[in-house]
Amino acid sequence: MIRPATATDIAAITAIYNDVISTTNAIYRADEVDVSERIAWYEDKLAHGFPVIVAEQQGQVVGYGVFGSFRFGEGYNHTVEHSVHVASHLRGQGIGKKILEDLIDRARRQNRLIMVAAIDSTNTQSIGLHVAYGFVESARMPRVAKKHGNFLDLVLMQLEL
Ligand SMILES: CC(C)(COP(=O)(O)OP(=O)(O)OC[C@H]1O[C@@H](n2cnc3c(N)ncnc32)[C@H](O)[C@@H]1OP(=O)(O)O)[C@@H](O)C(=O)NCCC(=O)NCCS
């Protein structure tokens with residue numbers, strides 16, 4: 001089941017977020033965060049009318065998705081940037097697809113025109129997921145990020161809604 005996140009989901013969202021930080025290059029942060037940081041993030045998204053959604057299986061939050069501003073400035077209002085993260089032990093079972101489908105649907109209903117995914121160039125799973133939903137590569141930015149001493153290339157993919 002995909003549904004809007006509530007404040008009581010933030011601990012589970014934080015656990016997934018921290019696991020992605022610690023075990024992948026999908027998030028360009030090195031240090032795990034505490035729940036209060038994610039509560040502030042969640043409240044900021046809601047305050048600006050952006051969705052935070054979760055995938056729930058047997059009462060457990062097993063993944064989440066969100067979109068927000070692509071860049072600062074009202075000229076970018078028709079464009080949103082999203083993220084999808086799934087609990088590591090449940091990846092490859094279609095949960096990411098369901099979350100992404102729901103985000104696309106919500107972006108359409110908000111009359112957004114473009115969705116952007118910013119993906120580490122080595123993240124073949126996420127790139128494959130986005131290709132499957134019609135996203136096309138619009139930029140490849142060598143060495144714009146660094147994690148654990150390694151420079152990383154960022155791929156921007158976009159979908160015209
Ligand atoms: C990326 C991520 C969200 C995908 O979610 P998921 O639940 O594992 O993916 P799903 O099972 O729903 O979808 C898999 C689809 O992605 C694509 N895909 C998955 N692995 C792939 C691979 N190695 N190569 C190419 N495409 C791949 C396929 O289209 C696949 O659909 P199919 O199984 O019908 O062929 C998840 O792996 C994850 O949370 N990874 C860590 C965090 C992360 O990278 N988040 C995205 C940041 S941009």
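Me: Which backbone oxygen does the side chain of K147 reach?

Reply: In this predicted model, K147 belongs to strand β6, residues 136-147. Its contacts beyond four places in sequence include I27, R29 and A30. At 2.8 Å, the side chain of K147 reaches the backbone oxygen of R29.

Me: K147 is buried yet has no salt bridge; how far away is the nearest side chain of opposite charge?

Reply: A salt bridge requires the nitrogen and the carboxyl oxygen to lie within 4 Å. For the buried K147, the nearest side chain of opposite charge is that of D120, and no salt bridge is formed. The distance to D120 is 8.9 Å.

Me: Which residue forms a salt bridge with R29?

Reply: R29 is partly exposed, with a relative accessible area of 32%. The N to O distance is 2.9 Å, and the partner is E37.

Me: How many residues apart in sequence are the parts that the pair E56 and R3 ties together?

Reply: The side chains of E56 and R3 meet in a salt bridge of 2.6 Å, N to O, and both residues are buried. R3, E56 and D9 are linked in a network of salt bridges. E56 lies in strand β2 (residues 52-57) and R3 in strand β1 (residues 2-4), so the parts tied together by this pair are apart in sequence by 53 residues.

Me: By about how many helical turns are D105 and R109 separated?

Reply: D105 and R109 form a salt bridge, with their closest N and O atoms 2.9 Å apart. D105 is partly exposed at 36% relative accessibility, whereas R109 is exposed at 55%. Because the two are four residues apart in helix α3, their separation is about one helical turn.

Me: Is G96 buried or exposed?

Reply: G96 lies in helix α3. Leaving aside neighbours within four places in sequence, G96 is in contact with V84, V86 and L129. The cut-off for burial is under 20% relative accessible area; G96 has 13%, so this residue is buried.

Me: Which element gives the largest share of the lining of the largest pocket?

Reply: The largest pocket has a volume of about 1200 Å³. Of its 43 lining residues, those closest to the centre are A26, H82, S83, V84 and H85. Elements giving two or more residues to the lining include α1, β3, β4 and α3. The largest share, six residues, comes from β4.

Conventions:
Residues numbered from 1 in each chain as written. Predicted model: local features only at pLDDT ≥ 70, side-chain atom pairs only at ≥ 80, totals over all residues. Heavy atoms only, no water. Buried < 20%, exposed > 50% of the residue type's maximum accessible area, 1.4 Å probe, protein only. Lys, Arg positive; Asp, Glu negative; His and termini not counted. Polar contact = N/O pair within 3.5 Å; in protein donor to acceptor, adjacent residues only side chain to side chain. Contact = heavy atoms within 4.5 Å. 1 Å grid on protein atoms, 1.4 Å probe; cavity = no way out; pocket = protein on both sides within 12 Å on 5 of 7 lines; lining within 4 Å. Points joined across faces, edges and corners; volume = space filled by probe spheres on them.
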